[in-house]
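Here are a few notes to go with the model you're looking at. Keep the 3D view open while you read.

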Amino acid sequence: MKKLSVFMLVLCCFSILAACSTDPVKKDLITYVNDGMLPLAQDEKTVTEKYGSVTGDNFTDDETLYNTLRDEIIPQYTKYLDKVEAVKTETSEVRAVHETYIKAVSTQKEAFITMLDALEKGDLNLINESNTKLSEGRKLFRDFGEQVNTLAKEHDVTLNKK
């Protein structure tokens with residue numbers, strides 16, 4: 001599950017610092033990361049840690065996973081997705097990058113819901129479908145990270161370790 005939040009871990013380690021500029025994409029990207037996404041990093045971390053606490057090496061039984069998904073993970077991730085969707089951008093370039101992130105979070109949420117359904121029904125095919133969605137979400141998070149880095153390079157924005 002550590003791979004679930006690839007971007008958010010990277011985001012927690014970086015902040016964007018740059019001088020004021022007349023480049024609207026540069027300004028928007030800086031605002032987006034520092035004011036839009038960094039404040040949400042802890043919410044995402046909390047949910048992914050909760051998921052990690054009941055899966056993989058920490059898996060104990062289906063009932064514990066089911067109850068944690070139903071009562072904690074899915075409600076918390078739904079709130080997180082709402083916050084992510086509420087992040088505003090000013091430029092189409094940054095908005096396109098943010099749409100990739102929204103898709104990644106939505107895909108992860110779908111995976112959690114599918115896993116819950118799989119556990120309710122005892123359906124191995126649904127478990128496989130959930131795992132496929134988790135993989136798709138991880139890929140989208142990686143794509144997002146690459147898009148942020150590319151946009152930062154194109155607009156002379158420096159990513160500095162925090």
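1. Start with Tyr32: leaving aside neighbours within four places in sequence, Tyr32 is in contact (heavy atoms within 4.5 Å) with Met37, Val87, Thr89, Val94, His98, Tyr101 and Phe144.

2. Before going on, some ground rules. This is a predicted model, where local features need pLDDT of at least 70 and side-chain atom pairs count only at pLDDT 80 or more, while totals for chains, interfaces and linings use all residues. Residues are numbered from 1 along each chain as its sequence is written, and side-chain values use heavy atoms, with hydrogens and water left out.

3. Now look at α3. Its buried residues (under 20% relative accessible area, 1.4 Å probe, protein chains only) are Ala41, Glu44, Val47, Thr48, Tyr51 and Gly52. Seen down the axis of α3, they fall within an arc of 140° (taken from the directions from the helix axis to the C-beta atoms), so they line one face of the helix.

4. Finally, check Lys109 in α5. Not counting residues up to four places away in sequence, Lys109 touches Tyr77, Thr78 and Leu81.

Terms used. Buried means under 20% relative accessible area, exposed over 50%, partly exposed in between (1.4 Å probe, protein chains only). Helices (H or I, at least four residues) and strands (E, at least two) are DSSP runs, numbered from the N terminus.
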